[in-house]
Structures are given as structure tokens and as C-alpha cells.
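Here are my notebook entries from a first walk through this structure. Please keep the view open beside them and follow along.

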Amino acid sequence: MPELPEVESIRRSLEPLVSGRQIVRAEILDSRLVQPELSLDIATRLEGERISTLGRRGKYLLIRFESGKTLVIHLRMTGSLRHRRAGGEPLPYERARLTLNDRCELVYRDVRRFGTWRLLGTNELESYLNARVGPEPLEPDFSPELLRGRLAGRRTALKAALLDQRTLAGLGNIYVDEALWAARLHPARAAGSLSRQATVRLHGAIREALALGIARQGATLRDYALPGGETGSMQNEFRVYGREGKPCERCGGAISKTRIAGRGTWFCPRCQRRR
Ligand SMILES: [Zn+2]
């Protein structure tokens with residue numbers, strides 16, 4: 001499932017290919033993508049829009065148009081975007097296609113069909129996003145104090161709190177596990193129990209894990225790929241994620257797998273002791 005680094009990698013790769021381009025034809029092939037709106041209605045409204053810039057908020061990709069409207073895309077579990085020459089054969093699990101005025105097209109694919117497209121006006125965008133996502137962990141104003149405030153008083157498991165997009169924007173299963181290992185924090189301890197020092201470690205670890213993910217252009221485990229079809233290489237950098245039974249690079253002990261907040265969770269029982 002794409003997290004902040006994967007969506008940011010898509011944004012960086014796609015923006016130079018599509019900015020300034022106009023949508024000459026929009027086809028929404030799966031009504032679920034835009035519900036409760038109607039496919040034909042959204043397609044009609046997209047046609048003629050000119051792309052200005054691409055943004056990102058948490059795991060949302062924002063295609064901003066010169067008109068002020070924004071197409072807000074969430075890839076959920078298996079959504080992906082492909083940029084290619086126009087007029088190709090339909091791709092497997094193709095759910096939408098935007099034909100641009102440079103003879104290229106943007107094809108949206110989604111096996112599981114949980115992804116969403118929302119076309120929002122300037123006034124709606126901010127409230128839509130602010131209701132769903134908290135602060136951006138890579139922004140300069142994200143400080144250890146801010147993180148501490150987000151976790152304060154919460155008795156839920158630390159991992160569950162970090163997976164909650166309203167705590168912080170953009171973290172998912174991979175980068176939470178990696179950050180908690182780097183910060184030497186047990187994923188099941190209470191979110192509000194962190195000392196000031198532990199919060200500083202976690203703050204740094206979250207930013208480093210996300211920055212490394214972006215530098216490696218994301219992690220390709222199954223469906224994720226860049227718009228040109230290239231894969232990311234963050235999966236080669238995992239210290240705990242998916243490494244059950246393998247040695248911890250820090251202490252040599254075996255990595256464990258458990259289940260927290262309904263998600264497979266990997267950690268080192270020696271380095272990440274539960275207080
Ligand atoms: Zn260890």
C-alpha cells in the first residue's frame with residue numbers, strides 16, 4: 001500500500017510530464033472510483049482542465065488545475081498511475097484514463113478498487129484534507145514538541161496512533177515499523193507514555209525513514225511502480241519490515257512478528273523492549 005514516500009515519488013516523477021498539459025478526454029471506467037459522484041459527470045468536468053502543478057498531502061496525490069479545482073487521488077491498497085503514449089491497449093485493471101493534449105495519457109489501474117478520485121473546488125479542498133490528515137512529518141514546522149502533543153494522553157498502542165492519519169499524515173505499515181525500530185520503541189506501548197527523549201528519537205526516526213523511502217523512490221512489494229513503470233528500491237533497505245526470524249542489524253537478535261491494530265508488525269524484541 002503506497003505511503004508518503006511512494007506518493008511523493010509518483011508526484012516528483014509525474015509532475016514534469018503533465019504540468020501545463022490539458023485533459024482532452026476523460027474516461028472513468030469504474031463508477032466506484034468517484035462515488036457518490038457520477039462517472040460521466042466527473043469525466044465531463046475534467047475535460048478541458050489544464051494541469052498546473054502536482055501536490056501531495058499525506059498519502060493523497062493532488063492534481064491541481066489552472067481553474068483552481070483539484071483532483072484528489074488516493075491510491076489506497078493497489079491503485080497506480082501510468083504515463084504513456086496515448087491510444088495504447090487497455091491495461092489490466094484499468095479504471096480510468098485521462099488523454100492529454102501532448103498525445104500522452106495517464107492511466108489509472110486498481111486491482112482491489114479501493115482507490116478514490118475526488119474533484120474539489122478551492123473552498124472544499126482544505127476542509128476535505130484537514131478532516132482526514134494531520135501535520136506533514138517532513139515539513140520544517142514538524143518538531144518533537146508537535147509530535148509529543150499529538151501523542152499526549154493517548155493510551156492506544158504507539159503503532160496504532162502513528163497509523164492514524166490524523167496523528168500524522170502519510171505513515172503506513174512499512175514506515176511505522178522502520179521508524180519504531182530506529183527509535184528503539186516497542187510498537188505496542190502506550191502512545192502517550194513516551195519520554196521527551198524518546199519523542200525526540202521517534203521524531204528523527206520518522207523523518208529519516210520517510211526521507212530514505214523517497215530517496216529510494218518508494219518500496220515495490222507488489223503493485224507500486226512509478227508512472228513510467230520503474231520500481232522503487234526501498235524494499236532493499238528494510239531493517240525489520242517483513243524480516244521475521246532474520247537477525248537484527250543492531251543487536252543480532254531475531255526479528256519478531258506480531259499483530260497490532262490488525263496489521264502485521266515486525267520489531268526487535270531486544271532493541272525495542274516494552275517498558
Ligand atoms: Zn535488535
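**Entry 1: Leu212 and its contacts**

I began with Leu212: setting aside neighbours within four places in sequence, I found it in contact with Met234 and Glu237. By contact I mean heavy atoms within 4.5 Å. Leu212 belongs to helix H7, residues 196–215. For helices I take DSSP runs of H or I with at least four residues, for strands runs of E with at least two, and both are numbered from the N terminus. I looked up the cover on Leu212 too, and Leu212 is partly exposed, at 26% relative accessible area. My cut-offs are under 20% for buried, over 50% for exposed and partly exposed in between, with a 1.4 Å probe and protein chains only. I also checked Tyr175, which sits 37 residues from Leu212 in sequence and 9.9 Å from it in space, C-alpha to C-alpha.

**Entry 2: Ground rules**

I noted that this is a predicted model, where local features need pLDDT of at least 70 and side-chain atom pairs count only at pLDDT 80 or more, while totals for chains, interfaces and linings use all residues. Residues are numbered from 1 along each chain as its sequence is written, and side-chain values use heavy atoms, with hydrogens and water left out.

**Entry 3: The whole chain**

How many helices and strands does the chain have? I counted 7 helices and 10 strands. The radius of gyration is 20 Å, close to the 19 Å that the globule rule gives for 275 residues, so the chain is as compact as a globular protein of that length. That radius is taken over C-alpha atoms, and the rule is 2.2 Å times the number of residues to the power 0.38. The C-alpha trace spans about 60 × 35 × 30 Å along its principal axes.

I then looked at cover: 53% of the 275 residues count as buried. The chain exposes about 12,600 Å², with carbon and sulfur atoms supplying 45% of that area. Those areas come from the Shrake-Rupley method with a 1.4 Å probe. Of the contacts between residues at least 6 apart in sequence, 63% join residues at least 24 apart.

**Entry 4: Helix H6**

I went back to the stretch that holds Tyr175. Is helix H6 (residues 173–182) mostly covered or mostly open? Helix H6 is mostly covered, with 9 of its 10 residues buried. Among them are Ile174, Tyr175, Val176, Leu180 and Trp181. What do the buried residues of H6 pack against? I found H1, helix H5 (158–163), H7 and S10. Just after H6, Arg184 takes a positive phi of about 55°.

**Entry 5: Helix H1**

One partner of H6 is H1, and I tested its length. At 1.5 Å a residue, the 15 residues of H1 (residues 4–18) should span 21 Å, and the end C-alpha atoms are 20 Å apart, which agrees. The expected span is 1.5 Å times one less than the number of residues. Buried residues of H1 include Leu4, Val7, Ile10, Leu14 and Val18. Gly20 follows H1 and has a positive phi, near 90°.

I next visited Cys268, in the segment after S10. Cys268 is buried, with a relative accessible area of 0%. Leaving out neighbours within four places in sequence, I found Cys268 in contact with Trp181, Val240, Cys248, Cys251 and Ile255. Trp181 is one of the buried residues of H6.

Ser80 was my next stop, in strand S5 (residues 79–85). At 10% relative accessibility, Ser80 counts as buried. Not counting residues up to four places away in sequence, Ser80 touches Leu75, Val107, Tyr108, Arg109 and Asp223.

**Entry 6: Backbone in the loops**

Which peptide bond did I note as cis? The bond from Gln35 to Pro36 is cis, with omega near 10°. Pro36 lies in the loop between strand S1 (23–28) and helix H2 (39–46).

Arg113 is not a glycine, yet has a positive phi of about 65°. Arg113 sits in the loop between strand S7 (104–110) and strand S8 (116–120), and is partly exposed at 31% relative accessible area. Ala261, also not a glycine, has a positive phi of about 55°. Ala261 lies in the loop between strand S9 (256–260) and strand S10 (263–267).
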